[in-house]
Amino acid sequence: MVCNFRFAIASDLHIALPHTIWDHPSRFHLVEVSIPAFEIVIEHLTQLNLDFLLLPGDLTQHSEPANHLWLQARLAELPFPTYVVPGNHDVPVLMSNEQSIGFADFPQYYRKFGYDNPHQLYYTHELLPGVRLIGLNSNFFNEEGEQIGRLDEQQFTWLEEVLAAADDELIMVMIHHNVIEHLPDQLRHPIGKRYILENSPQLLAVLRRYGVKLVFTGHLHIQDVAYSQGVYDITTGSLVSYPHPYRVLEFKQDNYGRQWLEIISHRIETVPDFPNLQHLSRQWMGDRSFPFIVKLLTQHPLNLPLALAEKLAPGLRDFWANIADGDALLDYPQFPPSLRRHIQTYGVMADGVPTFIDNHSSLLLGDWN
């Protein structure tokens with residue numbers, strides 16, 4: 001039987017030392033706060049008697065060696081074990097260049113943080129007696145050299161072997177790309193599909209076959225808990241974009257043998273030089289939202305004319321910030337009925353009843369057998 005334990009998740013850190021920061025007028029990320037925000041998280045977590053910390057990818061701004069080295073050194077100082085997986089920003093190129101480390105170099109930097117085998121971008125580790133972590137690499141380069149979210153067949157073979165060998169263990173999977181849809185029709189949505197694993201149905205079939213119930217993801221920069229046929233995909237927003245969240249989670253078993261995962265979300269309210277981070281960050285996102293909203297309105301399934309989309313877009317400037325917040329109640333009564341209904345599908349309403357589980361919740365995982 002698995003004992004109760006506590007752990008934390010901080011995702012999409014995008015660590016950027018001051019001399020590495022690059023700017024672009026439309027970027028959503030406030031990488032300027034990456035290091036002070038992470039330090040505030042660590043200061044809090046070190047007071048909680050954690051069993052471990054999970055970092056599900058996009059550890060660095062754009063895979064700069066200096067940023068990997070800084071994070072590697074900082075994680076080595078922590079009083080609890082930490083485990084990482086690569087995000088698309090951590091392995092953006094197959095071969096190293098003047099800016100980024102190469103695809104195969106990533107495990108070399110994180111040998112103390114999951115990668116016992118420095119020649120493989122995925123791993124498994126016994127976190128506690130009866131509790132096993134599987135860290136997967138969801139970054140794949142196709143024949144055109146384009147980076148996409150996909151698990152290769154070699155990794156699937158390895159995963160099946162690990163799961164088959166797991167004997168009554170609680171399995172937790174960490175992977176950067178989403179596995180379950182967090183946005184409406186995400187696998188086919190022109191914008192949303194880049195954030196979900198291209199072959200997620202195949203992965204979900206494997207996880208269900210072996211009774212795996214917990215997957216922890218990042219990448220999308222929103223607070224969301226998605227569920228599909230026995231599997232939870234708990235995605236955590238980015239420390240460098242609104243609302244700058246992180247999570248503390250507790251696994252518990254009650255007197256009836258039922259297993260629960262309790263989720264408590266926190267957010268960074270202020271850092272040096274950004275005393276009102278929440279307000280500034282929400283404004284920052286809204287100020288840069290226009291091109292994104294226009295694209296959302298003009299693409300499938302809405303396919304609105306460009307002129308109409310540009311007219312409506314200012315009224316949706318806070319749309320993505322509300323989604324990133326989690327547990328969003330979205331209603332725009334001033335919009336045409338069909339558009340209003342479509343926008344509502346991004347929120348918490350299901351069959352007319354709101355389900356608030358994205359930030360604070362207790363998930364029933366099942367009975368101990």
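Predicted model: local features only at pLDDT ≥ 70, side-chain atom pairs only at ≥ 80, totals over all residues.
Let's start with α4. This helix runs over residues 153-165, and its 13 residues reach 19 Å from the first C-alpha to the last, close to the 18 Å expected at 1.5 Å a residue. Its buried residues are Q155, F156, W158, L159, V162 and L163. They sit on the same side of α4 because they cover an arc of only 165 degrees around the axis. As for what covers them, β4 (123-128), β5 (131-135), β8 (170-174) and α5 (200-209) are included.

Now for the helix pair. Helix α1 (residues 34-45) packs with helix α2 (residues 65-76) at an angle of about 15 degrees, and the axes are 13 Å apart.

| Helix | Residues in the contact |
|---|---|
| α1 | I35, F38, E39, I42 |
| α2 | W70, L71, R74, L75 |

Last stop: S200, which lies in helix α5. Is S200 buried or exposed? With a relative accessible area of 2%, S200 is buried, since the cut-off for buried is under 20%. Leaving out residues up to four places away in sequence, S200 touches V179 and L187. From S200 to K213 there are 13 residues in sequence and 15 Å in space, C-alpha to C-alpha.

Note on methods:
Residues numbered from 1 in each chain as written. Heavy atoms only, no water. Helix = DSSP H or I, 4+ residues; strand = E, 2+ residues; numbered from the N terminus. Expected span 1.5 Å × (residues − 1). Buried < 20%, exposed > 50% of the residue type's maximum accessible area, 1.4 Å probe, protein only. Arc of directions from axis to C-beta. Contact = heavy atoms within 4.5 Å. Axes fitted to C-alpha atoms, helices over the stretch in contact; angles between N-to-C directions.
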